[in-house]
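Here are some questions about how labels are assigned in a structure. Each answer sets a value against its cut-off.

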Amino acid sequence: MSCLRLPLGIQTFREMREGGYYYVDKTGYAARLAEEGKHYFLSRPRRFGKSLFLDTLKELFEGRRELFEGLAAHDRWDWSARHPVVRPSFSGGNYGERGHLQGNVMDQLAAIERREKASAEFATVPGRFAHLLEILHERHGQRVVVLVDEYDKPILDALDEPETAKANRDYLRGLYGTIKDCDADIRFTFLTGVSKFSKLNLFSTLNNLTDITLDKRYSAICGYTDADVDAVFAAELDGLDRERIREWYNGYRWRGEESVYNPYDVLHLFRTREFGNYWFENGTPAFLPQMLAERGVTARELEGMRATETLLSAFDVGAVGTEALLFQTGYLTIQSEEERLGLRRYHLGAAA
């Protein structure tokens with residue numbers, strides 16, 4: 001059995017498909033999302049494949065049919081409709097510096113305007129963004145797809161500077177609120193990031209998002225299932241203890257029937273042929289160790305934590321619940337759940 005290339009660090013769907021890389025097919029999830037709804041939000045820890053999934057959505061909506069041959073979405077997609085895609089990304093930059101976010105957004109909008117040869121003179125960024133969406137809809141004859149990568153990074157970067165973090169949050173609230181105001185020009189929206197900020201603050205103006213973070217049907221939208229590892233990476237398993245791979249890496253649950261592996265861990269295992277805590281060493285958010293130290297959280301306290309869905313979403317500047325912090329960053333995962341008097345409670349435990 002021949003080996004393909006390991007997609008370490010690859011976040012571009014086209015490169016994945018054309019470059020001879022292993023690819024775990026997530027396109028069926030993308031097709032279902034487009035069929036069932038319009039505005040979505042997903043929270044997952046870092047290095048779980050969120051950016052690759054966004055890029056997959058981009059290629060689908062832009063109608064790159066040749067890239068989807070043999071994949072789940074191919075025969076379910078309307079390839080006659082090609083939508084313009086706007087993809088704001090906050091993965092780069094130092095958002096702890098006051099004013100950096102505003103300049104970054106302006107640069108991203110200006111780049112799209114240059115590409116579309118669309119001039120804009122507006123006093124506010126929401127007004128400029130709304131005009132851009134209207135122009136794209138008009139020129140392309142199809143409604144716009146808006147994909148936002150790492151929507152929360154400008155806030156997370158500034159958590160040790162609360163005033164800057166709050167200013168970034170409020171600025172983003174106005175920007176994201178434009179999506180709801182321009183609903184007639186938009187075909188599909190997908191926002192993703194690490195944290196899940198309370199709907200009462202960041203998303204108060206974008207309250208029509210469908211949150212699929214804990215939707216059982218989408219529990220494996222990011223990450224690899226046991227079946228994925230056996231089928232897609234069969235050529236890489238020779239010489240490795242299969243059960244040990246499960247014990248080390250197959251431990252993340254978002255209420256689905258099966259747990260998933262972190263792709264970063266698995267790919268590094270196949271590259272080095274050695275077991276290690278690869279994700280732990282590289283996926284830890286900068287703000288996490290300091291916050292845990294300030295709260296005196298010990299490893300023993302991580303086991304047996306319980307939380308409601310509301311508590312797991314309690315994340316805001318200056319008000320971050322410990323359970324939410326550890327769950328959203330990937331250090332705790334759902335082990336089991338129970339429902340009493342209409343209230344669902346989750347039993348949390350350390351992830352693989």
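Buried means under 20% relative accessible area, exposed over 50%, and partly exposed in between (1.4 Å probe, protein chains only). This is a predicted model, where local features need pLDDT of at least 70, side-chain atom pairs count only at pLDDT 80 or more, and totals for chains, interfaces and linings use all residues. Residues are numbered from 1 along each chain as its sequence is written, and side-chain values use heavy atoms, with hydrogens and water left out.

Q: Why is serine 259 called buried?
A: Its relative accessible area is 10%. The cut-off is under 20%. Serine 259 is therefore buried.

Q: Where does serine 259 sit, and what does it touch?
A: Serine 259 is in the loop between β6 (250–252) and β7 (260–261). Helices (H or I, at least four residues) and strands (E, at least two) are DSSP runs, numbered from the N terminus. Contact means heavy atoms within 4.5 Å. Leaving aside neighbours within four places in sequence, serine 259 contacts Tyr224, Thr225, Asn250, Gly251, Tyr252 and Arg253. Its C-alpha atom is 7.9 Å from that of aspartate 226, 33 residues apart along the chain.

Q: Is threonine 178 buried or exposed, and how do you know?
A: Threonine 178 has a relative accessible area of 3%, so it is buried. This residue lies in helix α7 (residues 162–181). Not counting residues up to four places away in sequence, threonine 178 touches Pro126, Phe129 and Ala130.

Q: Which labels do cysteine 3 and cysteine 222 get, and why?
A: Cysteine 3 has 47% relative accessible area, so it is partly exposed. Cysteine 222 is at 2%, so it counts as buried. A disulfide needs a pair of cysteine sulfur atoms within 2.5 Å. The structure holds zero disulfides.

Q: What makes helix α2 mostly covered?
A: Seven of the ten residues of α2 (residues 27–36) are buried. They are Thr27, Gly28, Tyr29, Ala30, Ala31, Leu33 and Ala34. These buried residues pack against α1 (13–18), β1 (39–43), α3 (50–61) and β4 (186–193).

Q: Why is β4 called largely enclosed?
A: Eight of the eight residues of β4 are buried, so the rest of the structure largely encloses this strand.

Q: How do you know that β4 pairs with β1 and with β3?
A: Two strands pair if DSSP finds at least two bridges between them. Five bridges join β1 to β4, running parallel. Serine 43 has glycine 193 in β4 as its bridge partner. Six bridges join β3 (residues 144–149) to β4, also parallel. Here valine 145 stands opposite phenylalanine 188 in β4.

Q: What makes a space a cavity rather than a pocket?
A: On a 1 Å grid over the protein atoms alone, a cavity is a set of points where a 1.4 Å probe fits but cannot get out. A pocket is an open set with protein on both sides within 12 Å along at least five of seven lines. Lining residues have an atom within 4 Å of a point.

Q: What is known of the largest pocket?
A: Its volume is about 700 Å³. The lining has 35 residues, with Gln11, Arg47, Phe48, Gly49 and Lys50 nearest the centre of the largest pocket. α3 gives the largest share, five residues.

Technical notes: Points joined across faces, edges and corners; volume = space filled by probe spheres on them.
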